[in-house]
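Hi everyone, thanks for coming. I'd like to walk you through one model today, so let me put it on the screen.

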Amino acid sequence: MKVRSLALGFAAAVFVPAAAQAGEVLLRVAHFLPPVSPAHTKFIVPWCDKIAAESQGKMKCQIYPAMQLGGTPPQLLSQVRDGVADIVWTLPGYTAGRFPVSEVFELPFFTTGREASSRALWDFVQGHAMSEFAGLKPLATWVTGPYVLHFRDKEVNTLEDMKGLKVRAPSRLGTKLLASLGATPVGMPVPQMAESLSKGVIEGALVPWEVVPATKTQELTKFHAEAGGNHPLIAATMIFVMNQKKYDSLPAELKQVIDANSGRETSAWVSAQFTEPDEEGRKAALAQGNTVKQIPVEEIAKWQAAAKPVAEEWIKEISAKGLEGQKLHDAAAALVNKYSK
């Protein structure tokens, strides 16, 4: 590690004078998915192109997809805090316990449409959870599209059908949701999911449609269950954050460019970039001849009742930290409602 650090330091030392001479600021942007992923092509590259254009070429990105700076996805937060990367895109759920307050948006049946809920998340973070971003400047905070249940061999229509099924869980609250529904949650990152499905280690997976084509989930499953109504089973929060010291080091004109491409509307824009990939994932399942069903609202009401203790437990956990769990929960819900009208 020490040798690697020295090597990185040497590379930086060689590069920085050249960059400075050219009058450019180079931002190292890191994430965990391949360069063909929707996040890379539809969000990160366009965002980088925009700041390059608006800064008249004075600020550019060097993008490092697929963990090219080393480490694992859960280490992205440390990398941006430590300055290994200047900006990262990641999921707070990969580092359980580090975003306990903003995690409220990952509660079952809590969010609504992605853009409305993303605006709500931005406002909530700014007003109630900035302490979770120490050393970081949030550029965008948003929620994913609805998480959907995908199964190898079993069609799930009712709450009873979930009993005992081994299902890939995406996060801490995703694990609690699945357990509340009677399933056996198995936590794992997306890259491990396909192999686990193919080998029968898990019988199903809880993921949004957009990851289906890249992981070939449509070929490994036969049945897909969506939640009817206005609230998805669950959604994940995502963050695009910058090293605060790097931001502070920028001249005023470049800070203005970053600021103009950050915030509530940027968050909503990012979330919208995943709409088409979600639709493509659903189409891929249908093209495979799979069964895609929406669980009726009346049945989903039973699922919501079963999952209610997950929210109650979250409120107790937050309150045990000396915070007002119920007030934070209600403030987040009010913002979701505000932007969903």
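Predicted model: local features only at pLDDT ≥ 70, side-chain atom pairs only at ≥ 80, totals over all residues.

The protein has 14 helices and eleven strands. How does its radius of gyration sit against the globule rule? The value is 21 Å, close to the 20 Å that the rule gives for 341 residues, so the protein is as compact as a globular protein of that length.

Of the 341 residues, 51% count as buried. Take the contacts between residues at least 6 apart in sequence: 75% of them join residues at least 24 apart. The accessible surface comes to about 15100 Å², with 55% of it belonging to carbon and sulfur atoms.

On to the inside. Which residues touch the most other members of the largest nonpolar core? They are Trp-89, Phe-105, Leu-149, Phe-240 and Trp-303, in a core of 92 residues. Helix H13, residues 297-320, supplies the largest share of this core, with eight residues. Apart from it lies another core, of seven residues, including Met-188, Met-193, Leu-197 and Val-207.

Let's zoom in on Trp-89. Leaving aside neighbours within four places in sequence, its contacts include Phe-32, Phe-43, Trp-142 and Met-238. Phe-240, another of the residues that touch the most core members, is also in contact with Trp-89.

Next, please find helix H11, residues 264-272. Its buried residues are Thr-266, Ser-267, Ala-268, Val-270 and Ser-271. What do they pack against? The partners are helices H2, H4, H10 and H12, together with strand E4.

H2 brings me to the loops. Gln-56 is in the loop between H2 and strand E2, and its phi is near 55°, a positive value in a residue other than glycine. Is Gln-56 buried or exposed? Its relative accessibility is 70%, and over 50% means exposed, so Gln-56 counts as exposed.

Lys-216 also has a positive phi, of about 55°, although it is not a glycine. You'll find Lys-216 in the loop between helix H7 and helix H8. At 46% relative accessibility, Lys-216 counts as partly exposed.

That's my tour, and I'm happy to take questions.

Technical notes
Residues numbered from 1 in each chain as written. Heavy atoms only, no water. Core = buried A, V, L, I, M, F, W, Y, C linked by side-chain atoms within 4.5 Å. Buried < 20%, exposed > 50% of the residue type's maximum accessible area, 1.4 Å probe, protein only. Helix = DSSP H or I, 4+ residues; strand = E, 2+ residues; numbered from the N terminus. Contact = heavy atoms within 4.5 Å. Rg over C-alpha atoms; globule rule 2.2 N^0.38 Å. Areas by Shrake-Rupley, 256 points an atom, 1.4 Å probe, with all protein chains shown as cover.
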